[in-house]
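Please look over the structure first, then read the points by topic.

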Amino acid sequence: MEVLTMAKAPGYEDLRVVTGSRSGVTIAIAVHSTVLGPALGGARMWHYDSPELGVADALRLARAMTFKAAAGGLDLGGGKGVICAPSPVPPEGEPRRRILLDFGDAVESLGGAYVTAEDVGTGAADMAVIAERTAHVVGLPGERGGSGDPSPVTARGVLAAIRACLEHRFGTYSLSGARVCVVGAGHVGGSLARLLAETGAELAISDLDPARRELAEELGAAWLEPDEALAAECEVLAPCALGGAIDARTIERLRCRIICGSANNVLADERLAAELDSRGILFAPDFIANAGGLINVYAELHRLDHEAVQLLVEGIGPHLLQILDAAERKRITPLAAAQELALERLRGSTAAAA
Ligand SMILES: NC(=O)c1ccc[n+]([C@@H]2O[C@H](COP(=O)([O-])OP(=O)(O)OC[C@H]3O[C@@H](n4cnc5c(N)ncnc54)[C@H](O)[C@@H]3O)[C@@H](O)[C@H]2O)c1
């Protein structure tokens, strides 16, 4: 393993960029903070135009993980691993295995400061390969004692967050008769749609993949094409596809009262949070609403049982409600209130350790 960088990036505890000895690929691991616990963040396997872009992604995502864990009340720090895939076609078979073993060595070299998990481009089976080289990995398959696919847990957390938003905005936790539009019916969105179908909500589903229409038919939900979905008149818009769905252009078309979904970085620009506020649209910070995925791997790390996970996931609702109430009191956006909460927790821990 050739170490290219071990220098600290300003504001980060560690940044390790290596060339895998078996695979030759560039691997970047950024440790933003271990103030609250080991820096946990998934292993992203993605094809970047340059290794520098992969390193920049690791840095950006590691910092976001610190905020997500801190605001979620979890004793975890923030880190991220990035594997710069050699081509846009995901590697399979022996080449993939070599990459994952190299990644495992890089994780191990950090001595537990960074704990990896699945992310875009990796899954539970990949974590099992990484585990051949390091113990600092979670998200292992269920049969290996791991927490497996986090999506159903994430979906339950999003549902709890939606109920909190309804309570804050309309004074009721009930979804009965509420029009909810799920945009992106993949792992999380599909699970969420199934949960919503049992609540009496008036459900609409949208996905780029026309095959997902079957799910809409099965659940008796309306089907919307993606370009109509963002403009759907509804109480709740639940973005569960990729990030950046709300941008300066799409914001003009919104006709929802609440935005609460699983997609990370739903706002293309954080400044849009204030714009949503001024339009009377309640925006649930995505890193609060989708914390179920992180809770799932946190539970694996701390060997929490099913009931403890349930409690933590259901706790997303009251936690979000507190943030929404604080935002209203302080006349700031919910996003700003959530960020403030994360910073307070980090400052509190730093002061306690001093
Ligand atoms: N999986 C988890 O537990 C978890 C946890 C936290 C956050 N998230 C975030 O939630 C989002 C969804 O994750 P996932 O695991 O369900 O991914 P996924 O790939 O299984 O599902 C995404 C779905 O969105 C669809 N899609 C993509 N672009 C679209 C568009 N423009 N309009 C409509 N549909 C579109 C895709 O066809 C796919 O069906 C991601 O942003 C992810 O980062 C996931």
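The largest nonpolar core holds 120 residues, and Ala161, Val180, Val236, Ala238, Cys260 and Ile288 touch the most other members. Such a core is a set of buried Ala, Val, Leu, Ile, Met, Phe, Trp, Tyr and Cys residues joined through C-beta atoms within 7 Å. H4 gives the largest share of this core, 10 residues. At least three core residues come from each of domain 1 (2-61 + 78-144) and domain 2 (151-344). The model is predicted: local features need pLDDT of at least 70, side-chain atom pairs count only at pLDDT 80 or more, and totals for chains, interfaces and linings use all residues. Numbering starts from 1 along each chain as its sequence is written.

**Domains and terms**

- The protein chain is divided into domain 1 (2-61 + 78-144) and domain 2 (151-344), with bounds from an automatic or database domain assignment.
- Between the C-alpha centres of domain 1 and domain 2 lie 28 Å.
- Helices (H or I, at least four residues) and strands (E, at least two) are DSSP runs, numbered from the N terminus.
- A residue counts as buried if 20 or more other C-beta atoms lie within 10 Å of its own, exposed if 12 or fewer, and partly exposed in between, with C-beta atoms placed from the backbone.

**The parallel sheet**

- Six strands form an open sheet in the order S10-S9-S8-S11-S12-S13, with parallel pairing.
- Strand S10 (222-224) and strand S13 (282-283) stand at the edges; each has a single partner strand, so one side of each lacks a neighbour in the sheet.
- Two strands pair if DSSP finds at least two bridges between them.
- Strand S8 (residues 179-183) is largely enclosed by the rest of the structure, because 4 of its 5 residues are buried.
- S8 runs parallel to strand S9 (residues 202-206), joined by 5 bridges.
- Cys181 has Ala204 in S9 as its bridge partner.
- From S8 the chain passes through H5 to S9, a right-handed β-α-β crossover; with the strands pointing away from the viewer, the path from the first strand over the helix to the second runs clockwise.
- S8 also pairs with strand S11 (residues 233-239), in the parallel sense over 4 bridges.
- Opposite Val182 stands Ala238 in S11.
- S11 and S12 run parallel and are joined by 4 bridges.
- In S12, Cys256 stands opposite Cys234.

**The ligand shell**

- Around the ligand are 25 residues, of which Thr154, Gly184, Gly186, Ala241 and Gly293 come nearest.
- A residue is near a molecule or strand if its C-beta atom, placed from the backbone, lies within 6 Å of it.
- Helix H4 (151-170) and helix H5 (187-197) each supply at least two shell residues.
- H5 provides the largest share of the shell, 3 residues.
- The shell divides into 10 nonpolar, 12 polar and 3 charged residues.
- Ala, Val, Leu, Ile, Met, Phe, Trp, Tyr, Cys and Pro count as nonpolar, Asp, Glu, Lys and Arg as charged, and the others, Gly among them, as polar.

**Positive phi in loops**

- Most residues other than glycine have a negative phi.
- Asn265, not a glycine, has a positive phi near 50 degrees.
- Asn265 sits in the loop between strand S12 (255-259) and helix H8 (272-278).
- With 17 other C-beta atoms within 10 Å, Asn265 is partly exposed.
- Arg331 also has a positive phi, about 55 degrees, although it is not a glycine.
- The loop between helix H12 (316-330) and helix H13 (334-353) holds Arg331.
- Arg331 is exposed, because 8 other C-beta atoms lie within 10 Å.
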